[in-house]
Amino acid sequence: MTQEPARRPLTGETLESLRVALAGRGEKEFRARQILEWVYKRRARSWDEMTNLPKALRAWLGETFCLMPASLVLNRHSADVTDKLLLELWDKSLIETVIIRAPQEGVGVEHSRKTICISTQVGCAMGCVFCASGLAGLRRDLSAGEIVAQLLQVCYAEDLRTPRARAELASFDNIVVMGMGEPLANYDALIRALTIVNAEWGLGFGARRITVSTSGLAPKIERLAGEPLGFRLAVSLHGATDEVRGRIMPVNKAYPLAKLLPAVKAFTERHGRMATLEFILIEDVNDSLEQARALRAIALDLHAHVNLIPYNSVEGLPWRRPDAMRQQAFAEVLRKAGISVTLRREKGHDIAAACGQLRLKTERERAAVAPGG
Ligand code: SAH
Ligand code: SF4
């Protein structure tokens with residue numbers, strides 16, 4: 001797509017880039033901070049709210065920038081642990097942002113730990129055979145402003161729900177970049193967005209509480225290791241041998257385990273933090289005890305945490321999750337070796353599966369209403 005949005009998203013600006021834009025108009029330097037404070041601290045929803053800015057400046061801002069580049073189409077609040085925000089972008093693309101609550105014992109839901117799952121692309125080009133996000137390929141990358149906007153939309157939604165949220169800059173506990181798209185294939189926008197999210201003039205959110213999940217772009221993992229902000233890393237392994245991984249993840253051809261694993265090791269050594277290996281269990285594909293033993297060797301060598309996720313069925317795809325006994329047996333092989341393992345048991349609430357499915361459904365409904373549109 002060659003078209004561009006008419007106005008730059010303000011959520012994609014850094015303090016520096018905003019200063020430069022303002023200087024071009026002869027504005028004072030302190031205005032940049034003032035504007036960003038309206039955006040992130042006070043959550044202004046219109047230019048008119050920014051009452052300490054001169055009218056002419058507000059008018060220019062409105063002509064130059066888009067205050068919120070992702071509009072809320074649907075907030076599916078469920079009684080259980082997830083809220084899904086369906087957002088529409090300037091070109092009608094849909095993305096999903098998910099709030100996952102982990103209730104704490106003895107306290108109200110407003111005090112639950114919250115993890116936000118964000119998207120980095122519309123669709124995905126990686127072609128993993130089990131994944132809903134990649135079914136229609138890649139439509140486009142998200143801009144930094146569109147990535148940040150997802151988190152601001154979460155703030156808006158939470159501000160309405162709990163007093164805690166209004167009192168805080170960002171009322172969530174973790175960010176996982178596990179929504180639609182391969183984050184490291186949109187590297188520059190990702191880093192710019194996370195820099196804005198981390199900055200004290202932005203959402204002030206700690207890099208250590210941000211996890212970037214990748215399907216395994218080894219050179220980009222090495223590059224990520226060199227970033228000044230220390231993000232956490234999760235790697236979608238899903239196969240513990242090249243043979244099995246290669247069958248379900250085309251990326252394994254370019255970056256087989258012999259290239260991927262050293263990159264993960266370098267990342268861990270550089271940061272002194274355990275990486276997470278994600279492993280979705282798919283019946284008769286990667287759930288054998290042989291795979292469990294191969295995964296055990298990898299996890300021990302990398303000193304990595306393993307996250308086992310029973311596969312969530314996707315409409316139109318043949319894959320399913322193994323039964324609970326088989327999941328347990330797989331996990332046990334790892335646990336016995338002293339590896340830190342989590343096995344998610346609740347149905348349909350997995351972080352990963354929560355992302356992507358609402359968008360797929362809405363796109364299908366739209367296509368049915370307006371064929372070709
Ligand atoms: N592209 C990145 C991040 C987004 S996908 C990556 O692949 O890591 C986030 C996670 O969801 C990945 O581990 C992915 O393999 C997993 N996933 C995709 N489809 C799934 C499904 N139907 N059930 C369970 N996990 C799924
Ligand atoms: Fe893309 Fe990740 Fe889905 Fe693979 S699992 S198609 S990399 S979103």
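Me: Is Arg42 buried, exposed or partly exposed?
Reply: At 44% relative accessibility, Arg42 counts as partly exposed (buried is under 20% relative accessible area, exposed over 50%, partly exposed in between, with a 1.4 Å probe and protein chains only). This is a predicted model, in which local features need pLDDT of at least 70, side-chain atom pairs count only at pLDDT 80 or more, and totals for chains, interfaces and linings use all residues. Residues are numbered from 1 along each chain as its sequence is written, chains are lettered from A and ligands numbered from 1 in the order in which they are written, and side-chain values use heavy atoms, with hydrogens and water left out.

Me: Which residue forms a salt bridge with Arg42?
Reply: Glu37 does, the closest N and O atoms being 3.7 Å apart; a salt bridge is a side-chain nitrogen of Lys or Arg within 4 Å of a carboxyl oxygen of Asp or Glu. Glu37 is partly exposed, at 33%.

Me: And what about Arg140?
Reply: Arg140 forms a salt bridge with Asp91, with the closest N and O atoms 2.7 Å apart. Arg140 lies in strand β8 and Asp91 in the loop between β4 and β5, so the pair ties together parts that are 49 residues apart in sequence. Strands (E, at least two residues) and helices (H or I, at least four) are DSSP runs, numbered from the N terminus. Both Arg140 and Asp91 are buried.

Me: Changing topic, where is Gln153?
Reply: Gln153 is in helix α4, residues 144–161. Gln153 counts as buried because its relative accessibility is 5%.

Me: How many salt bridges does the structure hold?
Reply: The structure holds 19.
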